[in-house]
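Open the structure in your viewer and follow the stops below in order.

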Amino acid sequence: MPSYTQAFIALWLYHYLRLIVNCVSHWTFEPIPLPEEPTLTSKDVTIIIPTIDGESSDFKQTLRTCLSTDPSEIILVTIDAHLKRLMSVAASIHSSQIRVISIAHANKRRQVCRALPEVLTKITMFADDDVIWPPKILDWVLAAFEKPDIGGVGTCQRLLRATHPNIWGFLAALYLERRNFEISATTHLDGGVSCLSGRTVAYRTLILQDP
């Protein structure tokens, strides 16, 4: 029988061999290039944002950065008690691309389910109410959907540096960077992915609306 020392050495070797393989895979990973003649545009995208906040400056910044990508529509899903407040916030943005709907009680999963039947575009994107999107994000997300066998697309995510950073913010940033590293490495190795984060993610609408 192997001794505890041998078992420890075997686990140690496995851990660092796995790390080396993941590092090489991550460093050599490349995103799907932008197509010269895309079949999908930003007008093929509906963005669903479940929220119960709706008044903070961060939320308004989220709306503005999402609108800067020129989607077909942004559907905000809140609760009945906050419906008027959120409609007022949406009106202050001065965009016909924003629509507000509601459900009785706060529940992110049910808020998303309420919005899904309203989607009329080929691609549905989910976003949290505190994300900030770069202007070209839809170009890169839609590039992956040019392959017909791809049903969902995740994104690289990073924490916005706080004005007064602390240890908790550092740990949160470290967690996101570790996820970016792990997912890009495993996707490059075998095409698999452990999780598509709902902070910003896209799916083919026909998958989500399939009963």
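Select Arg 158 and Glu 177: their side chains form a salt bridge at 2.8 Å, N to O (a side-chain nitrogen of Lys or Arg within 4 Å of a carboxyl oxygen of Asp or Glu). This pair connects distant parts of the chain, with Arg 158 in the loop between β5 (152-153) and α6 (167-190) and Glu 177 in helix α6, 19 residues apart. Helices (H or I, at least four residues) and strands (E, at least two) are DSSP runs, numbered from the N terminus. Arg 158 is exposed at 58% relative accessible area, while Glu 177 is partly exposed at 33%; buried means under 20%, exposed over 50% and partly exposed in between, with a 1.4 Å probe and protein chains only.

The model is predicted: local features need pLDDT of at least 70 and side-chain atom pairs pLDDT 80 or more, while totals for chains, interfaces and linings use all residues. Residues are numbered from 1 along each chain as its sequence is written, and side-chain values use heavy atoms, without hydrogens and water.

Stay in helix α6 and select Glu 182 and Arg 178, which are four residues apart, about one helical turn. Their side chains meet in a salt bridge of 3.6 Å, N to O. Glu 182 is buried, at 17% relative accessible area.

Next, select Asp 70 and Lys 43, a salt bridge with its closest N and O atoms 2.9 Å apart. Asp 70 lies in the loop between α2 (57-67) and β2 (73-79), Lys 43 in the loop between α1 and β1 (45-50), 27 residues away. Asp 70 is partly exposed at 34%, as is Lys 43 at 41%.
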